[in-house]
Amino acid sequence: MPMTDGTPLARVVRQAGGVDVPDRLATLPGADLTTLLLRVLRLRTARLKPTDVFRRYADDRFVAPADVPFDVLRRTEDHLISLLPNGFRPITLAPVVPLGTHSVVGTVNQDKVLSTVRGTEVAADPTNGLALAAADLRRRALAADPRSGETVRLATVQRVVRAQLFGGPGMPAHFGLLGMVTAGRDTGDLAFERRHAVEHLRYLATALPGRVELRLTVWQPRYAVVADAVRAALPDVHIVDQPEREAGRDYYTGFAFGATIVDGHDRVDIADGGFVDWTQRLLGNHKERLC
């Protein structure tokens, strides 16, 4: 990859032995690279004193405790889980996922993810890990019946880490997110999409406190029937169209939604979702669907 003189990366690779160092390291087999990096970390930690560790604790935003009181957070998580629709199974995800889960499957910039030296990365969103678990369950169902229509519904609350720097109070590097995924097989006429968009959005309208506004974005005209199904199923919920939305256009396929809590003049965007092609690509099967 070309490097511009004067950039931090260019300076580092010159000190490390030349501009081709990153490319040569990237081509090492995974186990060999892990062996090398573990050796580097052992050498670095051997030079540290307890005061160095404590100083890093005070300065590193990734390791600071959350400001939210533990009991408030736990009650909120328990409340949200208790309201999950019938059929959703809460699971406990690992705190890490395979390297590339967020960028290769979910199209998130790798620089926004906290990668490890062991071929993994720290979870940045629970839906990525849930998608892997759902794909595995769908794989098993398809092994028993290649036309299996079994629907997989999974949910979790997970502490996640994001490497990009957020500004303002209440925006730490790590925070808890509730994630829900529904995986299954295309049955034609966007029936899967219509049914499960309604299911996910009904949950948001029910579980979130106060006045909830649902925002629907249709990027492909054929998904208009999905938005129509949501409106018909939730006549008492404030629903607005958001055709001008651009965020997530390359992330979702054709249809996306969001939820906002409205309190007087204050508005808090609190949820986001839609349909993705992750299980299609993970399983190599264009009939797979994921909300």
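Two strands count as paired here if DSSP finds at least two bridges between them. With that in hand, let's look at this predicted model, starting with its open sheet.

Four strands make up the sheet, in the order β7-β6-β8-β9, and the pairing is mixed. At the edges stand β7 (238–241) and β9 (266–274), each with a single partner strand, so one side of each has no neighbour in the sheet. On average, neighbouring strands here are turned by 25° against each other, direction ignored.

Zooming in on one pair, β6 and β7 run parallel and are joined by four bridges. Across from L216 you'll find D241 in β7. Helix α9 lies across β6, β7 and β8 (255–263), and its direction makes an angle of about 160° with β6.

Here are the helices that come up in this report:

| Helix | Residues |
|---|---|
| α7 | 126–144 |
| α8 | 191–207 |
| α9 | 224–233 |

Now for α7. This helix has 19 residues and reaches 28 Å from its first C-alpha to its last, close to the expected 27 Å. Its buried residues include P126, N128, L130, R138 and L142. What do the buried residues of α7 pack against? The list is β2 (96–98), α6 (101–105), β4 (152–161), β5 (174–185), α10 (278–283) and β10 (288–290).

Is H200 buried or exposed? With a relative accessible area of 5%, H200 is buried, because buried means under 20%. Leaving aside neighbours within four places in sequence, H200 is in contact with F88, M180, V181, T182, F257 and C291.

Methods:
Residues numbered from 1 in each chain as written. Predicted model: local features only at pLDDT ≥ 70, side-chain atom pairs only at ≥ 80, totals over all residues. Heavy atoms only, no water. Helix = DSSP H or I, 4+ residues; strand = E, 2+ residues; numbered from the N terminus. Buried < 20%, exposed > 50% of the residue type's maximum accessible area, 1.4 Å probe, protein only. Contact = heavy atoms within 4.5 Å. Expected span 1.5 Å × (residues − 1). Axes fitted to C-alpha atoms, helices over the stretch in contact; angles between N-to-C directions.
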